[in-house]
Amino acid sequence: MTVQQHILQQQEDLFPEARGRFSSLLSGITLATKMIQAKIRRAGLADIIGSVGATNVQGETQQKLDVYANQALLDCLGTRESVAMLVSEENAEAVVIDRSGEGKYIIVFDPLDGSSNIDVNVSVGTIFSILRRPDGAQGDAAVLQPGWKQVAAGYVVYGSSSIFVYTAGQGVFGFTLEPEIGAYVLSYPNMRMPDQGTYYSVNEANADSFPESYQRYLGELRRRRYSSRYIGSLVADFHRTLLKGGVFLYPPTATNPSGKLRLLYEANPLAFLAEQAGGLATNGRGRILDVAPASIHQRTSLVLGSRSEVELLASM
Ligand code: AHG
Ligand code: MN
Ligand code: MN
């Protein structure tokens with residue numbers, strides 16, 4: 001079963017009114033990710049390593065692959081007839097595609113997650129979230145919806161294999177890219193996050209500036225003999241947590257007092273996937289999917305993972 005067949009089946013069950021628009025969106029995304037992974041697989045041969053000598057709206061140095069990945073998604077999605085707007089980590093403003101008001105969907109994405117790992121051959125990813133454009137809404141107001149309104153969300157983790165994981169609100173499904181045929185083939189028919197794990201995942205370098213409750217919490221996990229795993233690519237740390245359980249945290253820090261990760265295209269899509277797989281996702285105070293966004297590049301703290309570990313933090 002390829003991801004296209006799966007999406008069409010989901011569409012018949014879930015979105016009978018979608019008339020192929022929804023599946024055409026997802027095929028735009030999968031096409032872009034195949035272009036991105038082809039570049040990643042030839043890093044060092046293709047001129048795709050290193051930075052472009054520019055910074056993005058986040059103030060981060062743009063890597064060549066950030067720019068390539070962003071352009072691939074803009075090109076593959078910009079021509080799909082049901083797209084109203086595109087919002088990307090790499091674009092300061094939302095990109096309006098369909099001014100006629102006919103466009104039904106908004107796609108929000110992090111084209112290349114884990115940019116600091118590109119040049120050292122460590123797993124990176126692409127994250128996306130699909131929203132409906134509310135009738136009559138235009139501009140950022142149309143995008144600033146709480147995460148529980150997402151129609152679908154997913155990611156590709158470009159690791160030892162390229163794996164496409166998505167949910168449309170009826171469970172989580174994983175597909176592995178079969179290079180010989182260039183198609184994503186179903187490899188995880190129903191992904192469930194274990195209720196408890198043995199790993200915690202956090203950048204320990206920031207530990208001294210975490211709020212005291214987080215420090216106590218991590219001390220408790222160490223007392224319970226948890227092991228630490230931190231890849232520095234959110235998609236890779238999330239994918240391990242989805243398969244093995246445990247908890248990922250990006251708490252408030254001195255440098256990022258409201259957390260570093262972006263709500264719309266990092267925390268919300270992964271929170272949707274985590275909950276669909278039986279896990280939890282909070283900002284340390286409340287459910288990520290309930291947060292009402294105020295701006296498209298808004299940051300948030302993030303605690304995401306197995307029910308047992310996330311509830312333990314809440315209790316502390
Ligand atoms: P991006 O490359 O899209 O900017 O995302 C990087 C993020 C995320 O992937 C990762 O979890 C986090 O940055 C790592 O941050 P630190 O290096 O501060 O730990
Ligand atoms: Mn990212
Ligand atoms: Mn990114």
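This is a predicted model: local features need pLDDT of at least 70, side-chain atom pairs count only at pLDDT 80 or more; totals for chains, interfaces and linings use all residues.

Tutor: Residues are numbered from 1 along each chain as its sequence is written, chains are lettered from A and ligands numbered from 1 in the order in which they are written, and side-chain values use heavy atoms, with hydrogens and water left out.

Student: What is the volume of the largest pocket, and which residues lie nearest its centre?

Tutor: Rolling a probe the size of a water molecule over the atoms shows where empty space is left. On a 1 Å grid over the protein atoms alone, a pocket is an open set of points with protein on both sides within 12 Å along at least five of seven lines, while a cavity is a set where a 1.4 Å probe fits but cannot get out; lining residues have an atom within 4 Å of a point. Here the largest pocket holds about 410 Å³. Its lining has 25 residues, with Gly114, Ser115, Ser116, Gly232 and Lys260 nearest the centre. By class, 6 are nonpolar, 9 polar and 10 charged. Domain 1 (3-188) and domain 2 (199-315) each give at least three lining residues, and strand E5 (105-113) supplies the largest share, 3 residues.

Student: Which protein atoms hold the manganese ion (ligand 2)?

Tutor: Donors are N, O and S atoms within 2.8 Å of the metal (3.2 Å for Na, K and Ca), and water is not among the atoms, so sites may look incomplete. For this ion the protein donors are Asp110 (OD), Asp113 (OD) and Glu266 (OE), at 2.0 to 2.1 Å. Their spacing along the chain is D-x2-D-x152-E. Asp110 also coordinates the manganese ion (ligand 3), which lies 3.7 Å from ligand 2. Because Asp110 is in strand E5 and Glu266 in helix H7 (residues 263-276), the pair ties together parts 156 residues apart in sequence.

Student: Are Asp110 and Glu266 buried or exposed?

Tutor: Buried means under 20% relative accessible area, exposed over 50% and partly exposed in between (1.4 Å probe, protein chains only). Both Asp110 and Glu266 are buried.

Conventions
Grid points are joined across faces, edges and corners, and a volume is the space filled by probe spheres set on the points. Helices (H or I, at least four residues) and strands (E, at least two) are DSSP runs, numbered from the N terminus. Ala, Val, Leu, Ile, Met, Phe, Trp, Tyr, Cys and Pro count as nonpolar, Asp, Glu, Lys and Arg as charged, and the others, Gly among them, as polar. Domain bounds come from an automatic or database domain assignment.
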